[in-house]
Amino acid sequence: MRITEIGAGTIGVSWTVLLAAAGHDVVVTDPRPDLAEVVDAGVRRFGSADLLERVACEPDLDRAVAGADVVQEQGPERLEVKQDIWATAAAHAPAGALLLSSTSGILPTDVAARLDDDAAARLLVAHPFNPPHVLPLVELVAGRRTARDNVARAAEFLRSVGKDPVEIHKEVYGFVGNRLQSALFREAVSLVRDGVVSPAELDRVVTGALGPRWATGGPFLSFHLGGGDGGLRHLLEHLGPGMARRWADLGAPTLDPDTVEAISTATEDAYGPSREALTTARDRAETSVLAARSEMEES
């Protein structure tokens, strides 16, 4: 299968590594002048040099999508830019190509607004989580003109490369994962800003309690099990009033310049300026967590 990746940023290169490792031919397109160097370095960093045998670079979008079975877009998170990209990509890709956008929050109906019905029927969101070559989940979001069989095609394709596609049943900005992440981060910013906890201490609270719990059960199952024999119903009946009081007391910070400066400086002081070693350690840790979870599910 031939797959075209539009965009050679972190997400695009990560997808490239995953797809090449699954045995597919991948064409990466991006107008940046250092495209070949960026892709070469990224593939070597996230995967291995032998994967480059299945990866080609083509800066011209028209030529890059020709012959593609699947086109995945990781362009800038601006609606007008994505609409421009897809107007060109859909016009030059084969008539049956599956069209997937990795947007983290823009609605697929809006992305496809300038496409004809045939192309719009094949376009949907396939939103991964960073880094896609490690984390399995992909949110599938259909637009108003997306055909149901193309949602099924996308899910089948993603499962074939080791991903776990979850269909989101209603278009909503930010989809599900990013809305949950934004809610938690909003309270995290509020707690740090108000001096309740430092960034590093807050991270320890998450990685030592919420992270392991949610990695194995998620919020609903975790609370269901936490309710004992009565399950979630018992927990909400007895602890719900306290939870509701906390909802009312949650912070609502604004990301004004002073707040951005304060939380960014505190985070940089805690973790240092270098991200490469931290990123490598994160990928190894997440891979280990997922492997351990898979082993337990299979036993």
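Biologist: What should I know about the numbering and the confidence limits?
Modeller: Residues are numbered from 1 along each chain as its sequence is written. The model is predicted, with local features needing pLDDT of at least 70 and side-chain atom pairs counting only at pLDDT 80 or more, while totals for chains, interfaces and linings use all residues, and side-chain values use heavy atoms, without hydrogens and water.

Biologist: Which way do the residues of strand E4 point?
Modeller: In E4 (residues 70–73), Val70 and Gln72 point one way and Val71 and Glu73 the other, and all are buried, where buried means under 20% relative accessible area with a 1.4 Å probe, protein chains only. Strands are DSSP runs of at least two residues and helices (H or I) runs of at least four, numbered from the N terminus.

Biologist: And how many bridges join E1 to E4?
Modeller: Four bridges join strand E1 (residues 2–6) to E4, and the two run parallel; strands pair if DSSP finds at least two bridges between them. Isoleucine 6 stands opposite glutamate 73.

Biologist: Changing topic, what sits over the ring of tryptophan 15?
Modeller: The charged end of lysine 163 does, 5.4 Å from the ring centre, the criterion being NZ of Lys or CZ of Arg within 6 Å of the ring centre and within 35 degrees of the ring normal.

Biologist: Which helix gives the most to the lining of the second largest pocket?
Modeller: H2 does, with four residues, and helices H1 (10–21), H2 (35–46) and H13 (276–298) each supply at least two.

Technical notes:
Buried < 20%, exposed > 50% of the residue type's maximum accessible area, 1.4 Å probe, protein only.
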